[in-house]
Amino acid sequence: MLFFREVRGIDLGPVPQVAIAEGFAAARDWAECPRDAGAVAFMAFRDGAATHCGVLLPGDMLLHAEGDETRGGRVKVTRLAAMQRLFPDLRFYRYLPC
């Protein structure tokens, strides 16, 4: 959400907090897409819901944030292949107005 708001200047409004298969199938303006720059990668699924996401950059790099209340947070750029080793089930979606 921050990427879209701060970098693209787009307020996504409420984002569904449900299982990805149900939430994005029902969500307007989002569609599953091929793996390409600008797509949002959803990963780290728990009970059908994605718990981590990032934006795919050119060169198969993934912009994402990590951290928690005790360690703080930071934004990282990680090779997509490394993320796929950690999270083999990556699903790519595009926000259609973009």
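## A lysine in strand E5

Lys-76 has a relative accessible area of 25% and is therefore partly exposed, a class that lies between buried (under 20% relative accessible area) and exposed (over 50%), as computed with a 1.4 Å probe on protein chains only. The model is a predicted one, in which local features need pLDDT of at least 70 and side-chain atom pairs count only at pLDDT 80 or more, while totals for chains, interfaces and linings use all residues. Residues are numbered from 1 along each chain as its sequence is written, and side-chain values use heavy atoms, with hydrogens and water left out.

## Salt bridges

A salt bridge is taken here as a side-chain nitrogen of Lys or Arg within 4 Å of a carboxyl oxygen of Asp or Glu, and by this rule the count comes to six. Among them is the contact between the side chains of Glu-66 and Lys-76, with an N to O distance of 3.5 Å. Glu-66 belongs to strand E4 (residues 61-68) and Lys-76 to strand E5 (residues 72-79), so the pair ties together parts that are 10 residues apart in sequence. With a relative accessibility of 27%, Glu-66 counts as partly exposed.

Another of the salt bridges joins the side chains of Arg-91 and Asp-89, at 2.8 Å from N to O. Both residues are partly exposed, Arg-91 at 26% relative accessibility and Asp-89 at 35%.

## The six-stranded sheet

Strands (E, at least two residues) and helices (H or I, at least four) are DSSP runs numbered from the N terminus, and two strands pair if DSSP finds at least two bridges between them. On this basis, six strands form an open sheet in the order E1-E6-E2-E3-E4-E5, with antiparallel pairing. Strand E1 (30-32) and E5 stand at the edges with a single partner strand each, so one side of each is left without a neighbour in the sheet. Direction ignored, neighbouring strands of this sheet are turned by 35 degrees against each other on average, the axes being lines fitted to C-alpha atoms (for helices over the stretch in contact) and angles running from 0 to 180 degrees between N-to-C directions.

## Strand E2 and its partners

Of the seven residues of strand E2 (residues 40-46), five are buried, so this strand is largely enclosed by the rest of the structure. E2 pairs with strand E3 (residues 49-57) in the antiparallel sense over six bridges, and the hairpin of E2 and E3 has two residues between the strands, with Asp-47 taking a positive phi near 55 degrees. E2 is also joined by three bridges to strand E6 (residues 91-95), again antiparallel.

Phe-42 has Cys-53 as its bridge partner in E3 and stands opposite Arg-91 in E6. Val-40, in turn, has Tyr-93 as its bridge partner in E6.

## Helix H3

Ala-81 lies in helix H3 (residues 80-86) and is partly exposed, with a relative accessible area of 40%. The C-alpha atoms of Ala-81 and Leu-62 are separated by 9.4 Å, the two residues being 19 residues apart along the chain.
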